[in-house]
Amino acid sequence: MKQSFLARAAGTAALALMAATAGAQQPAYPDKPLRIMVGASPGGGTDILARVLADKLAPVLKQPVTVENRPGASNTIAGELTARAAADGSTLLLATNTAQAVAPHILKLKYDPLKDLQPIGLVAVMPNVLVVSASSPYKSVKDLVAAMGAKPGGFKYASSGIGSTQHVGGEAFNLATGMKSIHVPYKGSSQAHVDIIGGEVDMMFDSTSSAMGQIKAGKFRALAVSAPQRSPELPDVPTLAEQGIKGADVSTWYGLYVTAGTPRPAVERLNAELVRTLKLADVQTRIKALGGEPGTLTGEAFAAMNRQEFDHYGQLVRDANIKAE
């Protein structure tokens, strides 16, 4: 009996030593370079925020952090690549509600945004803004609606893709005003901007994060903010509601995700570093300069928000009868 006990004790000690050794051999996260996937072209709001995060995360994570642009399919190409990546925390995704809450109701996706991506935290919320070219004759929403009424079906609005918040915003505007404008999708906001400025399309319901540069440069005229309150960065631009347009408010939010199944220590580290980054004065200043507010939700609270937004936009897509074109 005594020998059996000693043998068992020795065996237990050996197993404990092996487990401790294995644990000691596991490298601390992160042990390789990271990449942030972006579903839009360089120069747009998502790209700008991703590069801000990359610059701030690289020094504290002590690994290179690069931004990889994979535009197209309403930002879902980047989402699918992240969902299919190794669950080791090396592939992050800066996504918007376009891919996380709108596109799944319109496109047939090969992944589930709610199940295949692990939410880290909300990065920023930006109101959308109705813009026209600075050379456009329209000075207000009233001017625009009157012109649309005089020329039914003759107006075109740009978006960063089918199922984007710009697309939803345009259709919500059509629904609220009883007008009909034609959707012209692009692979990103920056590409759409060229045609807005050139007069190829008439208007766009862009996020302030991507439109603000053109507004400040005098190339866009902002007619309305698509939010309950005016933007602090655009104090002279009235809301849609102030101009008599109700029920057409659409904002863009940006969230950080990682591949589902990523080990908890890596998720917790990313969560902590995102919270720290969003509290930095220069990061808050940059986000507010883009017309937005830094995010405050992380983990389960952000996941719950994502699920609520998924349901909200699903109803809006059905009400506006938005379909893949």
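The model is predicted: local features need pLDDT of at least 70 and side-chain atom pairs pLDDT 80 or more, while totals for chains, interfaces and linings use all residues. Residues are numbered from 1 along each chain as its sequence is written, and side-chain values use heavy atoms, with hydrogens and water left out.

**Helix packing**

Two packed helices are described by the angle between their axes and the distance between the axes. Axes are lines fitted to C-alpha atoms, for helices over the stretch in contact, and angles run from 0 to 180 degrees between N-to-C directions. Helices (H or I, at least four residues) and strands (E, at least two) are DSSP runs numbered from the N terminus.

| Pair | Angle | Axis distance |
|---|---|---|
| α2 (residues 45-61) and α9 (residues 264-278) | about 120° | 10 Å apart |
| α2 and α10 (residues 281-289) | about 175° | 11 Å apart |
| α5 (residues 141-150) and α6 | roughly 75° | within 12 Å |

Contact means heavy atoms within 4.5 Å. On the α2 side of the α2 and α9 pair are Leu53, Lys56, Leu57, Val60 and Leu61, which meet Arg269, Leu270, Glu273, Leu274, Arg276 and Thr277 of α9. This contact has 6 nonpolar, 1 polar and 4 charged residues. Ala, Val, Leu, Ile, Met, Phe, Trp, Tyr, Cys and Pro count as nonpolar, Asp, Glu, Lys and Arg as charged, and the others, Gly among them, as polar.

Helix α2 also packs on α10, at about 175°, and the two are therefore roughly antiparallel. Ile48, Leu49, Val52 and Lys56 of α2 make this contact with Asp282, Val283, Arg286 and Ile287 of α10. By class it holds 5 nonpolar, no polar and 3 charged residues.

Helices α5 and α6 cross at roughly 75° and are therefore roughly perpendicular. Val141, Val145 and Met148 of α5 meet Phe173, Asn174 and Thr177 of α6. Here 4 residues are nonpolar, 2 are polar and none is charged.

Strands β5 (residues 155-159) and β6 (residues 181-185) pair in the parallel sense over 5 bridges; pairing requires at least two DSSP bridges between the strands. Phe155 stands opposite Ser181 in β6. From β5 the chain runs through helix α6 (residues 165-177) to β6, in a right-handed β-α-β crossover. Right-handed means that, with the strands pointing away from the viewer, the path from the first strand over the helix to the second runs clockwise.

Methods: Angles under 35 degrees count as roughly parallel, over 145 as roughly antiparallel, 65 to 115 as roughly perpendicular and the rest as oblique.
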